[in-house]
Amino acid sequence: QVQLVESGGGLVQAGGSLRLSCVASGGTFSRYNMGWFRQAPGKERKFVAAINCSGDRTYHTDSVKGRFTISRDNAKNTVYLQMNSLKPEDTAVYYCATDLRNGDSLYYTEGSYSYWGQGTQVTVSS
């Protein structure tokens, strides 16, 4: 029902910045909580950040607090992840995901999200 397409990844040096975008189609974007996850080579997919449907509440995992910021523009059906002060350990494929449940709670588990994008590669060199 919902299709998600990520973009904005690339190769950047440590200390640099990138902004990821995720455009949604299908459903009603403004009703959905959204999340960002990442998966490094050989590792499991891990939670990065989440934002509620109206955009006034967010949560970021400890390893990215103060460096990454999740935001959204409901008029554009888009959620963003601004990544500053990037570190080599941030290297991963980044995925956005949609929580279709009607509620304002934010979740950090993969099972809380119903639809996923294909991912965008972020590589941080030292």
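Analyst: A disulfide is taken here as a pair of cysteine sulfur atoms within 2.5 Å. The model under discussion is predicted.

User: What is the handedness of the disulfide of Cys-22 and Cys-96?

Analyst: The sulfur atoms of Cys-22 and Cys-96 lie 1.8 Å apart, and the two residues form a disulfide. The pair joins distant parts of the chain, with Cys-22 in strand E3 and Cys-96 in strand E9, 74 residues apart. The torsion about their S-S bond is about 55°, so the disulfide is right-handed.

User: Is Ser-112 buried or exposed?

Analyst: Ser-112 lies in the loop between strands E9 and E10. Its side chain has a polar contact of 3.4 Å with that of Arg-101. The cut-off for burial is under 20% relative accessible area. Ser-112 has 8%, and is therefore buried.

User: Which strand supplies the largest share of the lining of the largest pocket?

Analyst: The largest pocket has a volume of about 240 Å³. Among the 16 residues lining it, those closest to its centre include Arg-38 and Lys-46. Strands E4 (33-39) and E5 (46-51) each supply at least two lining residues. The largest share, three residues, comes from E5.

Methods
Residues are numbered from 1 along each chain as its sequence is written. This is a predicted model: local features need pLDDT of at least 70, side-chain atom pairs count only at pLDDT 80 or more; totals for chains, interfaces and linings use all residues. Side-chain values use heavy atoms; hydrogens and water are left out. On a 1 Å grid over the protein atoms alone, a cavity is a set of points where a 1.4 Å probe fits but cannot get out, and a pocket is an open set with protein on both sides within 12 Å along at least five of seven lines; lining residues have an atom within 4 Å of a point. Grid points are joined across faces, edges and corners, and a volume is the space filled by probe spheres set on the points. Helices (H or I, at least four residues) and strands (E, at least two) are DSSP runs, numbered from the N terminus. Buried means under 20% relative accessible area, exposed over 50%, partly exposed in between (1.4 Å probe, protein chains only). A polar contact is a pair of N or O atoms within 3.5 Å; within protein, one must be able to donate a hydrogen and the other to accept it, and residues adjacent in sequence count only if both atoms are side-chain atoms.
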